[in-house]
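Me: I have a model open and want to go through a few of its features. Can we take them one at a time?

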Amino acid sequence: MFFRFVVPSVMAFALSGVYTIVDGFFVGNSLGDSGLAAVNLGFPVSAFMQAVGTGIGLSGAIRFAILRGQEKEKEAGTCFCDTVLLLAAVSALLTLVTLAALPGLLGLLGAQGELYGLTAAYVRVIALGTFFQVFATGLVPFIRNLGGASFAMCSMIAGFAANIFLDYLFVWRLGQGMAGAAWATVIGQAVTMAATVFYLVKKRVGFHIPGARTACADGARILKVALAPFGLTFSPQITTILMNRFLAVSEGEQAVAVYGCIAYITAITYLLLQGVGDGGQPLISRYYGEGDLAAMRQMRRYAYLTSLGIALVCMAGFWLARDGVGVLFGASRETSRSVGIYLPLYLAALVFLSYVRITTAFLYATERSALSYLLVYAEPAAIFLLLLLLPNLAGLGPLGIWIAVPAAQLAVWVLALFVRRRADRTIFPPGRSWEDAEL
């Protein structure tokens, strides 16, 4: 049962991981290091839209699953409707804010000189397609919680295939450059959204406009939990933004292109691990709602083992292919050589990251919001602090920038050990230690 939920989720997130590198592949092989660097600078905006949808949708789906586990079907239906309304409102707001604040946003992302125009062309189109990106990621968690994990995977496959074809058409055949890559991303997400709407209509998941008081109460509760899955999804992009800015100042455009290649590759592993956590979420939330703590523990144990296995396989595979990663994105020979040097630093931390990701997913699946926030936002905070400190310590210089991310992930793993122990004391029956519960 665990794998019936998790395997389609992992495969869907694997496609999502490839989704993030498709634009980089086509643009990098079309425009070279400048195009690759511009996609790396602009993609966090698209990732932000999708992370907002994931955060709100997953939070609503968690509450939906818990209510159904408690046999409160009417309240569960209202929760779904409130989530849809919240997704729509946030989509409109994000579109307006992004377009209005575009110049300042590009400066914040570190776009300068030639990269400014390239990045602006990409981000402007992404902003226009906010609605499709938010709903594509926001409705998928409900499909998983309704037992449609395989359909959710197929909907993402359809969007992924559309993105590849349109990238080829717009970027390579029609020469539309950065704007073409962005339109391919938006239309691909629209295809996924259409598939999810079809599933929900077929399942007759009713929609109605709830009362204002109920909508506000549910909206506040959804947003409270949503900050954790949003942060978990978007944290790699926060890292990318920080690294881009520090590398651009310290080493220039080529270093940004190097980190772009590393970020694309490691993002695949991050999403696979999130696929395990989010795939197990419907079962963990359901058993938590039913009060079946033994089954809930078993699902978590499977999630830890599965994520560890995925991390080890990715470490081995990417290490063996490290010298060809830059070539895949059309990077220069010097850039590719640097990718092969620095990539092993990031692979070494994947084992620690696998534990943190599952622990965080477990916390928000059981609505332990405060503890999940702590783990989610500790990583980017630690990275920022280390980026400020390490280059000036012991003469590390630029190397201090490159080791900041793996060092921060190791520190957050230590924190996760204590956080999980504290959470277990509140969830499991009094008189039983967390070690006994695991046994």
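This is a predicted model: local features need pLDDT of at least 70, side-chain atom pairs count only at pLDDT 80 or more; totals for chains, interfaces and linings use all residues.

Me: How are helix α11 and helix α16 oriented, roughly parallel or roughly antiparallel?
Reply: Helix α11 covers residues 293-320 and helix α16 covers residues 398-427. Their axes come within 13 Å and cross at roughly 165°. Angles over 145 degrees count as roughly antiparallel. Therefore α11 runs, relative to α16, roughly antiparallel.

Me: Is L99 buried, partly exposed or exposed?
Reply: L99 sits in helix α3, residues 73-100, and is one of the patch residues. Buried means under 20% relative accessible area, and exposed means over 50%. L99 has 35%, so the class is partly exposed.

Me: Is Q50 buried or exposed?
Reply: Q50 belongs to helix α2, which spans residues 33-69. The cut-off for buried is under 20% relative accessible area. Q50 has 12%, so this residue counts as buried.

Me: What distance separates the C-alpha atoms of Q50 and Q133?
Reply: Along the chain, Q50 and Q133 are 83 residues apart.

How values were computed: Residues are numbered from 1 along each chain as its sequence is written. Side-chain values use heavy atoms; hydrogens and water are left out. Patches are made of residues with over 30% relative accessible area and no salt bridge: like charges are joined within 9 Å, nonpolar side chains (Val, Leu, Ile, Met, Phe, Trp, Tyr) within 5 Å. Accessible areas come from the Shrake-Rupley method with a 1.4 Å probe; for residues, only the protein chains shown count as cover. A salt bridge is a side-chain nitrogen of Lys or Arg within 4 Å of a carboxyl oxygen of Asp or Glu. Helices (H or I, at least four residues) and strands (E, at least two) are DSSP runs, numbered from the N terminus. Buried means under 20% relative accessible area, exposed over 50%, partly exposed in between (1.4 Å probe, protein chains only). Axes are lines fitted to C-alpha atoms, for helices over the stretch in contact, and angles run from 0 to 180 degrees between N-to-C directions. Angles under 35 degrees count as roughly parallel, over 145 as roughly antiparallel, 65 to 115 as roughly perpendicular and the rest as oblique.
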